[in-house]
Amino acid sequence: MSLVKQDILYLQNRIAYVRDEQAYRKIFFHFHRSLFSFANKIVHNSEVAEEVVSDVLMKIWVMENKLAQVDNLRLYLYTAVKNTCFTYLSKNKLNTIPIDSLIEDQTPGIDNTPERQMIFTEIEQEMRIAVEKLSPQCQLVFRLIKEEGFSHKDVCIILGISQNTIETHMRLALKSIKKSLSAYLFFK
Amino acid sequence: MNKITEEKFYDLLSLKLSGDATAEDLALLEELLLQNSQWQFLYDEIIKVSPAFDLNDDLDTELAYSAHYVKMKIRGLFDEDAENQLSIANLYETNQKRRSVYRKLIYIGIAASLFAIILYSSIDKNQHSVSKTLASLNEIVTKKGSKTNIKLPDGTKVWLNADSKIVYAESFIGSTREVTLIGEAYFDVVHDSMHPFIIHTGKEDIKVLGTAFNVRNYPSEKMLETTLMRGKIEVTFKGRPDEKIVLKPLEKLIVSKESYTVVNAVNRPNSTQVPENKITLTSATYFTQKDSMVVETAWVNDKMVFINQPLEKIAEELERNFGITVIFKSDIVKGYRYTGVFDNQSLDKVLEIIQLSRKIDYRIIDKKLVIE
């Protein structure tokens with residue numbers, strides 16, 4: 001389900017003024033997955049991530065006509081998710097991000113049908129591994145830029161860091177990926 | 001010199017990825033690539049559009065929305081009047097779709113014997129009786145025809161369906177929060193990992209690790225059903241602490257209250273039969289894609305949902321919901337099957353609608369519904 005900026009603004013208005021539930025549903029479907037992914041990367045706990053995203057998306061409805069005034073909904077949502085996640089982390093005094101990869105049964109609605117499984121090439125795998133070795137903030141920056149396609153400025157807003165920090169992180173990330181791919185250079 | 005160029009390369013690449021690169025940036029990037037062919041490989045791989053989501057994020061948005069929708073409905077955020085009523089025609093279609101929703105059926109034979117439960121009755125619709133039976137215990141009871149909702153000492157919200165009872169301590173002290181349930185309730189439990197929330201339903205204890213779920217434990221029914229909407233719950237059986245079943249969102253656990261046989265676990269997709277002597281782990285009955293409604297918790301929003309149910313069963317629901325008694329004059333009619341969604345309708349309306357799909361003759365005298 002892909003929506004362009006105009007569609008989103010239109011839906012925002014439908015939700016804000018008409019209280020259109022179908023419009024709300026469309027917005028939910030458009031943003032939920034990527035927001036969940038983003039939240040999960042921060043809190044490393046799918047149950048909490050689900051809760052965070054649900055709360056943020058609920059606010060969209062509750063804010064009523066104020067929603068129509070939101071210029072960039074995507075940016076707003078990511079920022080809200082990030083803030084809520086960090087609130088959770090500080091409340092639970094988690095300075096280090098916990099490894100919950102041991103507990104598998106946490107994600108809602110697991111569906112292992114072939115359509116949902118994504119097959120990565122070996123190279124993509126290598127890249128993913130390299131990215132995962134980076135520091136949490138570095139990873140977030142990289143993913144927001146590469147996967148979510150946010151501009152540098154947007155990332156500044158979402159994460160509350162400077163352009164310089166973003167630049168530094170990106171350099172680190174790209175360098176790290178380059179290193180991991182160097183093994184393949186010989187075969188090219 | 002090389003290091004600076006390399007950093008410049010990364011900066012430009014980063015700008016390209018974020019869409020911030022100007023025409024000049026792109027030109028310079030091209031040039032750098034030409035001069036440094038060893039970077040071409042990295043460039044090619046990075047530029048590729050990769051899937052944005054991790055393999056670990058198995059997520060069904062449809063189900064997530066379903067849970068989210070219920071959460072919002074319960075908080076009264078959606079105006080019911082604005083909703084479209086489903087026509088009966090649509091409902092027959094969804095009957096077919098429902099069968100494919102049962103994806104996971106695990107049969108495990110475990111002990112689950114019936115625990116004798118005594119029913120009380122209470123006052124009417126807008127009141128509920130709160131009595132202290134034992135020192136510092138609260139009891140909330142609903143009779144047929146009425147529902148209520150309450151807030152427990154820790155802030156947990158409970159929607160109690162008709163003909164049900166919940167017992168809990170006046171204040172939750174000690175390391176756990178415990179309640180006893182007879183009948184049906186929907187719980188929205190407040191997060192507190194330091195104090196597990198436990199629900200006793202006779203032979204099954206439900207320990208809450210997550211947040212929202214439905215428990216259906218009517219004495220007149222053979223099965224005990226627990227449906228998880230959000231979060232995670234762990235179900236254990238009295239006398240068998242080592243046998244735990246963890247539910248994930250939108251999974252439903254059906255336990256036979258009668259005696260048991262021990263059998264090996266078998267995976268049987270697409271079967272809709274629930275064997276009586278076993279425990280079944282299945283998924284919540286997802287009513288329609290359009291409305292994102294789950295059958296098991298429809299009652300919380302004052303909806304009655306039947307999917308291909310015999311009139312006999314429907315009569316039981318009507319009795320409970322409207323506080324009436326249903327008398328069948330003939331046995332054949334008991335077996336007539338209906339599918340329907342009734343959104344806060346009066347008894348008369350419900351019967352009228354039932355008539356549309358298959359005619360029945362009936363009379364309403366006082367609190368009695370007589371079906372010929």
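Student: Which residues of the largest nonpolar core touch the most other members?

Tutor: In this predicted model, the largest nonpolar core has 78 residues, and those touching the most other members are A:Tyr24, A:Leu73, A:Ile177, B:Phe9 and B:Ile46. The largest share of this core, twelve residues, is contributed by helix α2 of chain A, residues 21–43.

Student: And what does B:Phe9 touch?

Tutor: Leaving aside residues up to four places away in sequence, B:Phe9 touches B:Leu29, B:Leu32, B:Leu33, B:Trp39, B:Leu42 and B:Tyr43.

Student: How many residues are in the second core?

Tutor: That core is separate and has 28 residues, among them B:Phe172, B:Leu181, B:Phe197 and B:Leu247.

Student: Switching to aromatics, how many aromatic pairs are there over all chains?

Tutor: There are twelve aromatic pairs over all chains. One of them joins A:Phe28 and B:Tyr65 edge-to-face, with 4.8 Å from centre to centre and 65° between the planes. This pair crosses between chains, since A:Phe28 sits in helix α2 of chain A and B:Tyr65 in helix α4 of chain B, residues 61–74.

Student: Are A:Phe28 and B:Tyr65 buried or exposed?

Tutor: Both A:Phe28 and B:Tyr65 are buried. They also belong to one aromatic cluster, formed by A:Tyr24, A:Phe28, A:Phe29, A:Trp61, B:Tyr65 and B:Tyr69.

Student: Why is the pair of A:Tyr78 and A:Phe150 edge-to-face?

Tutor: The planes of the two rings, A:Tyr78 and A:Phe150, stand at 75° with the centres 4.6 Å apart, so the pair counts as edge-to-face, the cut-off for that class being over 60 degrees. A:Tyr78 lies in helix α4 of chain A (residues 73–91), whereas A:Phe150 lies in the loop between α6 (136–146) and α7 (152–159) of chain A, so the pair ties together parts that are 72 residues apart in sequence. Both A:Tyr78 and A:Phe150 are buried.

Student: OK, new topic: what is the strand order in the open sheet of chain B?

Tutor: The open sheet of three strands in chain B runs in the order β20-β23-β22, and its pairing is mixed. Because β20 and β22 (362–365) of chain B stand at the edges with a single partner strand each, one side of each is left without a neighbour in the sheet. From one strand to the next, the twist averages 20°.

Student: In which sense do β20(B) and β23(B) pair?

Tutor: They pair in the parallel sense, over four bridges, and in β23(B) the bridge partner of B:Val326 is B:Leu369.

Student: Which strands does α6(B) touch when it packs on the sheet?

Tutor: Helix α6(B) touches β20 and β23 of chain B, and its direction makes about 155° with that of β20(B). Helix α7(B) packs on the sheet as well, touching β22 and β23 of chain B, with its direction at about 175° to that of β22(B).

Student: Back to α6(B), what span does it reach?

Tutor: Helix α6 of chain B, residues 311–322, has twelve residues and reaches 16 Å from its first C-alpha to its last, close to the 16 Å expected at 1.5 Å a residue. Its buried residues include B:Leu311, B:Ile314, B:Ala315 and B:Leu318, and among the elements covering the buried residues are β19 (303–310), β21 (337–343) and α7 (347–357) of chain B.

Student: Which residue follows α6(B)?

Tutor: That is B:Gly323, whose phi is positive, near 70°.

Technical notes. Residues numbered from 1 in each chain as written. Chains lettered and ligands numbered in written order. Predicted model: local features only at pLDDT ≥ 70, side-chain atom pairs only at ≥ 80, totals over all residues. Heavy atoms only, no water. Helix = DSSP H or I, 4+ residues; strand = E, 2+ residues; numbered from the N terminus. Expected span 1.5 Å × (residues − 1). Buried < 20%, exposed > 50% of the residue type's maximum accessible area, 1.4 Å probe, protein only. Contact = heavy atoms within 4.5 Å. Core = buried A, V, L, I, M, F, W, Y, C linked by side-chain atoms within 4.5 Å. Pairing = 2+ DSSP bridges. Axes fitted to C-alpha atoms, helices over the stretch in contact; angles between N-to-C directions. Phe/Tyr/Trp six-rings, centres within 6.5 Å; stacked < 30°, edge-to-face > 60°.
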